[in-house]
Amino acid sequence: MRKNIVAGNWKMNTTVAEGVALAKEVNEALKGSKTNCDVVICVPFTHLCPVADVIDSNVLGLGAENCADHEKGAYTGEVSASMIASTGAGYVILGHSERRQYYGETSETLREKVALALANGLTPIFCIGEVLEERENDTFNDVVARQVEEGLFNLSAEDFGKIVLAYEPVWAIGTGKTATAEQAEDMHAHIRSVIAGKYGQEVADNTSILYGGSCKPSNAAELFAKPDVDGGLIGGAALKCADFMGIVNAF
Ligand code: PEP
């Protein structure tokens, strides 16, 4: 059956020293508590090696926030999936709305990134979600289905089974405006039915679908109680150990 996962997305925050301190704190907090979910932190590229050195991979997973859409070579400034895997990281966030919006990521480039992540043994946390206008004009179900289809439906069922999805309504990211638990559940059930239509019910039932967008300790339990919400991708609240652990402990 699918896993419950709480994953932090640190974005472009913290110096290396601050990041290492935060990772240590989260690692220690997890060691001292019994959790009902897998816990992952996705950190800036510069932080991967030093953070890998201070965490116990049995209690805390590590991921990057992006990877290159090429294997290697003359792509100045890029970081490849194999480089990420060589740090000990096991996850990579792909298709975050900030990358789609500010860096022009398309389904085409995302298909390359997903393939390279999988080829290097990384678990993609693949983000999808509608903007406010699409929520308001009622096209959000189609928009999100298209993002899943275009970004992932070239995969075999076996490879699709290695993907974690994160539904992140763009209007809820960093805005303090959370989707209601009902809105999240409706969309997650919709996504699962789209997956079932392509790969069958078993694959759909085994796919972890996380919710992201202003998730915090005060609303996590209600969101995670929904049957199709399998955890969260956490931005702002992942930068404070107590808040992040409050979300982890909502399971
Ligand atoms: C995110 O960017 O993935 C996110 C969910 O951010 P926040 O929790 O800050 O809304």
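Is Asp-230 buried or exposed? I started my notebook with that one, and the answer is that Asp-230 is buried, at a relative accessible area of 3%. A reminder to myself before going on: this is a predicted model.

**Entry 1: the partner of Asp-230**

I looked for what the Asp-230 side chain meets, and I found a salt bridge to Arg-2, with N to O at 2.7 Å. I then checked where the two residues sit in the chain. Asp-230 belongs to the loop between α11 (217-224) and β8 (231-234), while Arg-2 lies in the segment before β1 (5-9). They are 228 residues apart, so I noted the pair as a link between distant parts of the chain.

Next I asked about Arg-2: what is its relative accessible area? It comes to 19%. Buried means under 20%, so Arg-2 counts as buried.

**Entry 2: other salt bridges**

I counted the salt bridges and got 10. Two more pairs went into the notebook.

- Glu-130 pairs with Arg-135, and their closest N and O atoms are 2.9 Å apart. I looked up the burial of Glu-130 and Arg-135, and both are buried.
- Lys-162 pairs with Asp-159, with 3.0 Å between the closest N and O atoms. Lys-162 has 39% relative accessibility and is partly exposed. Asp-159, at 24%, is partly exposed as well.

I also followed salt bridges that share partners, and these join Arg-2, Arg-192, Asp-228 and Asp-230 into one network. That brought me back to the Asp-230 and Arg-2 pair I began with.

**Entry 3: the ligand**

Then I turned to the ligand. How many residues surround the ligand? I found 14, and the closest are Lys-11, His-96, Glu-168, Gly-174 and Ser-214. I sorted this shell by class and wrote down 4 nonpolar, 8 polar and 2 charged residues.

- His-96 brings a polar side-chain atom to 2.8 Å from a ligand oxygen.
- Gly-235 has a polar backbone atom 2.9 Å from a ligand oxygen.
- Gly-236 also has a polar backbone atom at 2.9 Å from an oxygen of the ligand.

On its own the ligand has 290 Å² of accessible area, and the protein covers 95% of that.

Definitions and conventions
Residues numbered from 1 in each chain as written. Predicted model: local features only at pLDDT ≥ 70, side-chain atom pairs only at ≥ 80, totals over all residues. Heavy atoms only, no water. Near = heavy atom within 4 Å. Polar contact = N/O pair within 3.5 Å; in protein donor to acceptor, adjacent residues only side chain to side chain. Areas by Shrake-Rupley, 256 points an atom, 1.4 Å probe, with all protein chains shown as cover. Nonpolar A, V, L, I, M, F, W, Y, C, P; charged D, E, K, R; others polar. Salt bridge = Lys/Arg side-chain N within 4 Å of Asp/Glu carboxyl O. Helix = DSSP H or I, 4+ residues; strand = E, 2+ residues; numbered from the N terminus. Buried < 20%, exposed > 50% of the residue type's maximum accessible area, 1.4 Å probe, protein only.
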